[in-house]
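Q: Hi, I'm new to this one. Can you walk me through it?

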Amino acid sequence: MYRAQFETEAVHSGRSDFRRLGVHAPPLDLSTTYPLEDLDEAIASIDELVAGGTPLGGQAVYSRLHNPTVARFEEALAKLESGEDSLAFASGMAALTACLLAARGVFETRTGRRGRHVVAVRPLYGGSDHLLTSGLLDLDVTWARPGDVGRAVRDDTILVLVETPANPTLQLVDVVDVVRQAGEVPVLVDSTFATPVLQRPLTLGAALSLHSATKFLGGHGDVLAGVVAARDEVWIRALRQVRLITGAVLHPLAAYLLHRGLSTLPVRVRAAQQTAAELARRLAENDNVSRVWYPGLPACDPLALVGEGLQMSGPGSILAFEVTGGAPRAARFLRHLRWITPAVSLGSTDTLIQHPAGLTHRVVDEEGQAEGGITPAMLRLSVGLEEVNDLWLDLAQALDLTRDRRLVAHSAVCV
Ligand SMILES: Cc1ncc(COP(=O)(O)O)c(C=O)c1O
């Protein structure tokens, strides 16, 4: 069957029943509970839901078990990720927690044994790193470099976890190579920075593609959500069971907004990417900037993973840089910005900047930060949809106002 282009899918996915329903916008179902006229039908539906399925005969029972508006967004996102299906959660962290919990069950089903070992590559988002190291999920974690994943995998490894591009250093991990090294062990790729516009990990062999949907998928800084797309039904059922038990569901209004966000996702991602590429170039040439990390700069893509037809079709709109003068100047620099908001999070229509070592990765100890390549003076910039010269003028005037005339520097990229 003819498969439409990604942009067309982004606009139309999860909407195939609209003409039959006689609507032009998705119905928003805010019900927490549903009338159950036929008890036998309701019991059959409950049994299927508890087993990780969808309501039999469409009989929804209770919103924590299934909600049609959330399911509609999940169907749409799965299509864009080339997945079997996807599952939405109350936040990116809830989605990751569910994956780690579900991984135990999937492992036990596959091997008949119990496992709690996870291999992970640093850096990860600070919260994800914290979840792994906190002991909360009773995991045994081995941190590995991307090329050492195969050596770190054991016969009780339940999951390999990578982020690409990674938060906040933009490190690129070769997904095909990690999948090869992992062998039978499922690989989860946190693809938040890339979005399905630029990268589809399931087509590269990953079992799971995870997003903090709070970021680009929502795209306007007003929805907190997480979503994970899976390649096969085993994972989908396992994740649904975890979600039903733990209750970390997404509110239907948030799902409605995310579904709406998908239709403009390709346009937003490409526009912000174009601006980010130009800002990265200008920053890398600026004497007040000592380092720049951006996947579009050749030195930051040593494995040649970025480009048309490659792992990531474009470099995205997140970059990191260091100003000369280190962390003290970085703090002063943040205070002088006018359009660019000093705030955590990313992927919004407006440009945000933040200090990873002090904020998003504060919960990662010094050793973990150093292992992940996070430097004390690093600033992470999430480029939005403002005009490129306005953003550049903002950066340039803040650099100028905080200039230390004694420092003579040159810029370097990804070293
Ligand atoms: C790469 C990445 N993964 C996961 C998360 C967690 O998502 P949330 O804040 O929606 O829980 C974040 C949050 O910043 C992130 O940047």
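This is a predicted model: local features need pLDDT of at least 70, side-chain atom pairs count only at pLDDT 80 or more; totals for chains, interfaces and linings use all residues.

Q: Why does the radius of gyration agree with a compact globule?
A: Because a compact globule of 415 residues would have a radius of gyration near 22 Å, and the protein has 22 Å.

Q: How much of the protein is buried?
A: Buried residues are 52% of the 415.

Q: What about contacts between residues at least 6 apart in sequence?
A: Of those contacts, 73% join residues at least 24 apart.

Q: Let's move to the sheet. In what order do the seven strands run?
A: The order is S1-S7-S6-S5-S4-S2-S3. The sheet is open, and its pairing is mixed.

Q: Which strands are at the edges?
A: Strand S1 (85-89) and strand S3 (140-143). Each of these two pairs on one side only.

Q: How much twist?
A: On average, 20 degrees from one strand to the next.

Q: What holds strands together in general?
A: Strands of a sheet pair through backbone hydrogen bonds, either parallel or antiparallel.

Q: Parallel or antiparallel: how do S6 and S7 pair?
A: Antiparallel. Strand S6 covers residues 208-212, strand S7 covers residues 226-230, and five bridges link them. In one of these pairs, Ser209 has Ala229 in S7 as its bridge partner.

Q: Which helix packs on the sheet, touching S4 and S5?
A: Helix H8 (residues 175-182) does. Helix H8 touches strand S4 (157-163) and strand S5 (187-190). The directions of H8 and S5 make an angle of about 155 degrees.

Q: Switching to helices. How do H5 and H6 pack?
A: Helix H5 (residues 92-111) and helix H6 (residues 126-133) pack at about 35 degrees. Their axes are 10 Å apart. The crossing is right-handed.

Q: Which residues meet there?
A: From H5, Met93, Leu96 and Thr97. From H6, Gly127, Ser128 and Leu131.

Q: And by class?
A: The contact has three nonpolar residues, three polar ones and no charged ones.

Q: Which residues of H6 are buried?
A: Gly126, Ser128, Asp129, Leu131 and Leu132 are buried in H6.

Q: What covers them?
A: The cover of H6's buried residues includes H5, strand S2 (117-120), S3, S5 and helix H13 (366-371).

Q: What follows H6?
A: Gly135 does, with a positive phi near 85 degrees.

Q: New topic: strand S9. Is it covered or exposed?
A: Strand S9 (residues 318-323) is mostly covered, with six of its six residues buried.

Q: Which of its residues point which way?
A: Ile318, Ala320 and Glu322 point one way from S9. Leu319, Phe321 and Val323 point the other way. All of them are buried, Glu322 included.

Q: How does S9 pair with strand S8?
A: Strand S8 (residues 289-293) and S9 run antiparallel, joined by four bridges. Val289 has Val323 in S9 as its bridge partner.

Q: And with S12?
A: S9 and strand S12 (residues 378-382) are antiparallel too, with five bridges. Leu319 stands opposite Leu381 in S12.

Note on methods:
Residues are numbered from 1 along each chain as its sequence is written. The radius of gyration is taken over C-alpha atoms; the globule rule is 2.2 Å times the number of residues to the power 0.38. A residue is buried if 20 or more other C-beta atoms lie within 10 Å of its own, exposed if 12 or fewer, and partly exposed in between; C-beta atoms are placed from the backbone. Two residues are in contact if their C-beta atoms, placed from the backbone, lie within 7 Å. Two strands pair if DSSP finds at least two bridges between them. Axes are lines fitted to C-alpha atoms, for helices over the stretch in contact, and angles run from 0 to 180 degrees between N-to-C directions. A crossing is left-handed if the near helix is turned anticlockwise from the far one by less than a right angle, and right-handed if clockwise. Ala, Val, Leu, Ile, Met, Phe, Trp, Tyr, Cys and Pro count as nonpolar, Asp, Glu, Lys and Arg as charged, and the others, Gly among them, as polar.
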